[in-house]
Amino acid sequence: EKGPPAATCTDTIGSFTCSCSTGALDWSTRNSSWAPGTYCIPPGPTIGNLEDATGKASMQVIVPFVVGHVSSNIDLDTLQFLILSSNNLLVNPNTDITIQGTKASRFLLITPRGKNYGTSTISISVRDITGADADVTFVLTVIQLSPFFDDNPPDNTFQDMKTIAGTPTFPYTFLVGHEDADLVAGLSIEAGSGNVEVVPNSCCDQSDAFKNYGGIYLNMSTLLVPASRGGISSFARQVVVVVRPQGTASADEGVELSFRLKDKNNRITMGKIKLFVFSRPSVDKFCAYDVKPSDTLSSISDSLGMHWLTLFMMNNHTLRHPDSIPPGLRLAIGRAYVVKNGDSLYSIATRFGTTWQHIMTTNAGTLLDQQSVFDGQLLCLAPDLAFIACRGR
């Protein structure tokens with residue numbers, strides 16, 4: 001913005017020559033693109049414009065600003081400040097705001113009162129020893145403390161899920177909390193499905209409808225664990241979620257699941273993840289591989305993470321020589337195994353002379369992670385000759 005008009009402008013044969021009043025700063029002496037006398041800054045201190053600021057309840061807000069003086073002879077450390085607030089219940093300038101810094105570089109340290117939230121117009125007035133002053137205002141917005149999901153990567157527990165059509169998910173767990181530690185115990189949660197044809201909109205207990213038709217099961221622990229959010233120390237609670245897709249419906253592109261986390265003051269935070277429901281492998285191709293024209297026994301075994309001799313031995317009733325595998329031939333790549341209660345990938349691998357990594361590779365279409373095994377699940381197992389050899393030493 002331009003300052004006040006020049007104090008005097010003299011008409012010299014049709015041409016005006018302007019000059020600033022005594023004590024005022026002629027901006028043309030600082031910036032040659034301005035004509036003399038067209039931008040005059042009154043004598044006294046100056047203060048830069050401030051952007052509006054936003055912070056969280058009970059969290060300190062830092063607002064930097066710059067001061068100066070038209071006269072270069074003034075020591076900026078002699079400037080005096082007056083701060084006013086339009087909402088003393090939110091921010092009291094006498095107790096909740098301090099000015100830090102020296103010379104031209106200053107900043108406000110603002111600590112909102114308690115857990116209050118809202119807005120306040122903050123005014124800063126700066127005065128020099130002559131009584132000349134300048135002022136600036138900005139709006140401070142303090143946001144209410146809110147519930148939160150543990151969704152900050154890389155260690156977030158609230159993340160996408162996956163399963164196979166017709167199969168409930170493994171019991172996933174994630175953390176939820178509240179920035180106000182006093183409100184963590186009163187949290188409640190519910191969920192909904194973005195595609196009811198794949199995941200019915202039934203929540204949140206293990207009702208007959210959930211068991212027979214599918215839906216979302218949620219169970220939130222009452223145990224409080226330490227947590228932090230955006231620098232605020234608080235507590236969190238663990239949520240167990242099991243999603244049961246309807247029938248054999250699949251959604252390779254994922255189903256959006258919306259979670260609604262609410263505190264006792266009806267403050268709500270929404271969280272969204274995706275459930276990927278992959279199609280089941282066809283029964284006639286389970287634990288089998290159809291040879292392609294460019295395949296060799298080595299290329300097939302490499303893609304399955306097994307030794308070619310293992311593959312040859314499992315199919316020696318149809319393969320006469322390892323170098324001769326006709327296209328279209330269906331090879332067995334393992335033996336079927338039904339998972340029993342208490343099984344884990346490691347225990348299964350140890351029992352059948354393989355590794356859990358090999359089981360993951362062979363069952364890439366049905367095993368989505370190391371924990372997604374359940375009672376009654378059908379797995380394809382193939383012994384690992386290298387594993388057996390090492391174990392026998």
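In which sense do strand 7 and strand 10 pair, and over how many bridges? In this predicted model, strand 7 and strand 10, the latter covering residues 105-110, pair in the antiparallel sense over 6 bridges. Within this pairing, Val63 has Leu108 of strand 10 as its bridge partner. Strand 7, which runs over residues 61-69, also pairs with strand 5, residues 45-47, again in the antiparallel sense but over 3 bridges, and here Ile47 finds its bridge partner in Val67 of strand 7.

Turning to the aromatic residues, the structure holds 11 aromatic pairs. One of them joins Trp34 and Tyr39, whose rings lie 4.9 Å apart centre to centre with 50° between the planes, a tilted arrangement. Tyr39 is buried, because its relative accessible area of 16% falls under the 20% cut-off, whereas Trp34, with a relative accessible area of 28%, is partly exposed.

Why does the pair of Phe276 and Phe278 count as stacked? The ring centres of Phe276 and Phe278 are 6.3 Å apart and the planes meet at 10°, which is under the 30 degrees required, so the pair is stacked. Phe276 is partly exposed at a relative accessible area of 23%, and Phe278 also counts as partly exposed, with 26% relative accessibility.

Elsewhere, Phe149, Phe158, Phe174 and Phe259 form one aromatic cluster. An aromatic ring also takes part in a contact with a charged side chain, in that Arg244 lies over the face of Phe210, at 5.4 Å from the ring centre.

Terms used:
Residues are numbered from 1 along each chain as its sequence is written. This is a predicted model: local features need pLDDT of at least 70, side-chain atom pairs count only at pLDDT 80 or more; totals for chains, interfaces and linings use all residues. Side-chain values use heavy atoms; hydrogens and water are left out. Two strands pair if DSSP finds at least two bridges between them. Helices (H or I, at least four residues) and strands (E, at least two) are DSSP runs, numbered from the N terminus. Rings of Phe, Tyr and Trp (its six-membered ring) pair if their centres lie within 6.5 Å; planes under 30 degrees apart count as stacked, over 60 as edge-to-face and the rest as tilted. Buried means under 20% relative accessible area, exposed over 50%, partly exposed in between (1.4 Å probe, protein chains only). A charge sits over a ring if NZ of Lys or CZ of Arg is within 6 Å of the ring centre and within 35 degrees of the ring normal.
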